[in-house]
Amino acid sequence: MRRVILFFVPLCLSFLTGFAQQARSPLEASFAQYQSLKNTSTFGLDWVPIGPMLNSARADVVQVDPSHPGTMYVGFGSGSLWKTVNHGVDWNPIFEGHSSFSIGDVELAPSNPSIIYLGTGENLKKPRNFTLPGTGMYRSADAGKTWQHIGLEDSWAIAEIAIHPKDPNIVFVAVLGHLWSKNPNRGLFRTLNGGKTWEKVLYKDEITGANDIVISPSNPLIMYATLWEVYPGISGKNSGVYRSSDGGKSWTACTKGLPSGPKVGRIGLAVSQSNPAKAYALMDNLNNARDEAAELYKTTDGGLSWSKTHAGPFKIFPGIGWYFTDVYVNPKNDDEVFCLGVRLAHSLDGGKTFDFIGGKVTHMNPSLAQGLHLDQCELWINPQNPQHMAVGNDGGFYLSYDKGQTWMHYNNIPTGEFYDITIDQKNYVIYGGTQDDATVYGPPTELKPRFPDSWKYVWIDPWDGGDGCVSQVDPSDGNIVYYSMQHGAAIRLDRRADTTHSIQPDLPKSSKDTLNFNYIAPYFISPHQGQTLYHGGNFIFKSQDRGDTWKVISPNLALSAIPAKKSFAAGALVESRLNKGLLYAGTDKGAFWVSKNDGASWEEHSLGLANNYIRSICPSRFVQSRVYLAMTGLNYDDLHSYLYVSEDDGANWKSIAAGLPDEPVNVVLEDPLQPNVLYVGTLRGLYVSLDRGNTWSLLGKNLPAAAVADLEIHGESMDLIVATHGRGLYKLNLRPLQALAAGTLSPEQDHLFEIPAARRPWHNSLGGEPDYRTVEKTPITFWLGRSKSVTLSLRDGTGKELWKMPLAGQKGLNQYRWDLVFSKQSSDYPYFVHYERFLRAGTYQMVLSDGERDLQRPFVVVEGVSPYKIER
């Protein structure tokens, strides 16, 4: 997350006072629709997690139970809350099944760490279509086993939670509110009864949210809070520091010694553990030069007056102070201060001078990353032992026991925030770009968290991250890989020669126009000619020599004929597989353009489309003039669903969103074999239609309710790969669904589908022990005309039953994935090893029985492949 530029237009302000009744979040309504579709789906196939883990993801929240230091919590911006109880060897998501995966803040009660408060809704104002709003506050009284929704439904973005040091029922919540529009449900809220009721205790107006709140541990009546004018820009005259001396009942603005005016941005706070009158404020002061906006202020008189701690510039915010501004104090020494920015700044003299904490980093999974990742999001300091620290940043979760001299990086949690993926169709290798964790590639094998990750980096920047955006692989040469960073910075990599070449296009020097690229800029390899590339900003470019040279093939597509659709740049760009040179482009404000002659001329076909960000365009493989389009309004606080089809290249559009949850749609994909089958990825899941969008069903039974960012299909295997923004990658085989869609099966009759060859895990030659890294589960898929109990059983050539599994079958598609273990046993012998027995290679019969009728399929098992085998 670097080099972000936001442009805002000042708007008139309207000032409101008092408490606004919290409205129900639209995400709660769409979540009810999601749950209904999940409960009624007849497509109960298994989604298989495939990682990766090595590059981790943005950790916004880190908490450790100081009384049980092996118990740790990590909240990922769009990947939910995870917990370990064994020092990070194993991690489990503990906030599943709720209406938001987006984490704003999490706090353990100081007086009882089993009481946890969780605020949903990311508090980063990033216009990238994946800053996910939340649905309010949640409370757990049993260390995260169960959760209760406790209100503030319309908060959308929660920046900070503070819990009374003695009474866990007294809680303050700093609510930023809607990031891209006005709303009254912002400010500082307080509950005195554990969330049963809330009152707004600090509020300015519809455009100003509360960003931080700290309570003095030694005198809880003393507390400090900050407001941030979060809309329409990233600063404003309402941003400022406030203090309370009566437990938050009343608040007074702190003005003496602090900057003021329309260029005051985000502000973070810290208070001394022992002295309630001593506090620090880290400020994004945009009155200064871009790289000198960070300023640290201190008060020693309870906020009556403040002074800047440092004489010279403090360069930790290179124009992106809206991302950071957290400050922390050593609980044993209130002159030792930590400031979070791009780097982790550290002062031993109350902020007069700073150094930077880096340290040596050890990774749970081997990684090319060398140091502590940039872009610090949260710091935790053990109140009893300040040497014990944890930090969350764009690279994940790091833990130190020596105050940052050495770190353990827990990159063993599959929470990747993917923007885009592609598949090397020949070699079946997946490539994907992620939020500030570079571009990675790897195999479609099932994730095994206890074993080393098999994924690798395509590239990684010198700061151990970098935003990976769009990837492409040359169809004739898998060693030629294209990847990109933010704002259209595309690069061609020759892996064989180990060389890279920047191929980002530019306008001719003679042009007087301005070239713009969206943060995730679309580009692709033509499906008709492997050396031809197209790249999209507000102008469209074409290259016929793999990006060495480019020509402009469009006018400025941001200049829509419809004023409300005036855009910044293209959000999606594709070429028809049926007609070479038939190009479709869509912008970030809903302008849709068509060229039927490879860019020689363009027509705008935008009527009937909403004014939102076009993220996905899918030309039909079966009808030349048919095209599907998905758009999201997340960047504009529009959380409705927008999905369209046109039968005439966009001249007329028809909505096919009915039946989907009313939530943002990110991607649409047509099945390569069945023209009536569509796949759609939304803010929470993956949906399938067998009738070209007339009706929709949730596909699969175990995909986390994370935002689906992209979809790709591997042609030979017919695996559908789903890229989520927050929970990594998953796969599902489409062959059973395609057979169902072909209409050759009766939905009233039971059916056992053909079973793919099963691979036995590799067994070593010395003791005959299985290598569990090579265990592969085999999907056994069947259709039931009605819900009933069934049994799967395996028989050998003589008819002898070797294995049996009773199942509660549901109406529709069912799937059981078997690891080939046909017997288990235990032993008290000290050297016993054969606890599990795996099926040997050979041909068997798999039988599906309901007690009245048996259905059979051959079940072929092949020998395993050694993980040490060297491929020639």
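Trainee: Which residue has its backbone nitrogen 3.2 Å from a polar atom of the side chain of Asp461?
Mentor: This is a predicted model, in which local features need pLDDT of at least 70 and side-chain atom pairs count only at pLDDT 80 or more, while totals for chains, interfaces and linings use all residues. Residues are numbered from 1 along each chain as its sequence is written, and side-chain values use heavy atoms, with hydrogens and water left out. A polar contact is a pair of N or O atoms within 3.5 Å; within protein, one must be able to donate a hydrogen and the other to accept it, and residues adjacent in sequence count only if both atoms are side-chain atoms. The side chain of Asp461 has a polar atom 2.9 Å from the backbone nitrogen of Trp463, and at 3.2 Å the backbone nitrogen is that of Gly466.

Trainee: Is Asp461 buried or exposed?
Mentor: Asp461 sits in the loop between strand 34 (456-459) and strand 35, where helices (H or I, at least four residues) and strands (E, at least two) are DSSP runs numbered from the N terminus. Buried means under 20% relative accessible area, exposed means over 50%, and partly exposed lies in between, with a 1.4 Å probe and protein chains only. Asp461 has a relative accessibility of 11%, so this residue counts as buried.

Trainee: How many salt bridges does a search of the whole structure find?
Mentor: Side chains of opposite charge can pair when their charged atoms come close. A salt bridge is counted when a side-chain nitrogen of Lys or Arg is within 4 Å of a carboxyl oxygen of Asp or Glu. For the whole structure, the number of salt bridges found is 27.

Trainee: How many residues apart in sequence are the parts that the salt bridge of Asp46 and Lys701 ties together?
Mentor: The side chains of Asp46 and Lys701 meet in a salt bridge, N to O, at 3.7 Å. Asp46 is in the loop between helix 1 (26-40) and strand 1 (48-51), whereas Lys701 is in the loop between strand 54 (697-698) and strand 55 (708-714), so the separation in sequence is 655 residues.

Trainee: Which side chain of opposite charge is nearest to Lys200?
Mentor: Lys200 lies in strand 13 (residues 199-202), and its side chain reaches the backbone oxygen of Pro184 at 2.6 Å. Charge is assigned by residue type: Lys and Arg count as positive and Asp and Glu as negative, while His and the chain ends are not counted. Lys200 is buried yet has no salt bridge, and at 8.9 Å the nearest side chain of opposite charge is that of Asp154.

Trainee: Which strands stand at the edges of the open sheet of five strands?
Mentor: Two strands pair if DSSP finds at least two bridges between them, and this open sheet has the order 59-67-66-61-62, with mixed pairing. One side of each edge strand is left without a neighbour in the sheet because each has a single partner strand, and these edge strands are strand 59 (758-759) and strand 62 (801-809).

Trainee: How many bridges join strand 61 to strand 62?
Mentor: Ser793 stands opposite Lys804 in strand 62. Strand 61 and strand 62 run antiparallel, and the number of bridges that join them is eight.
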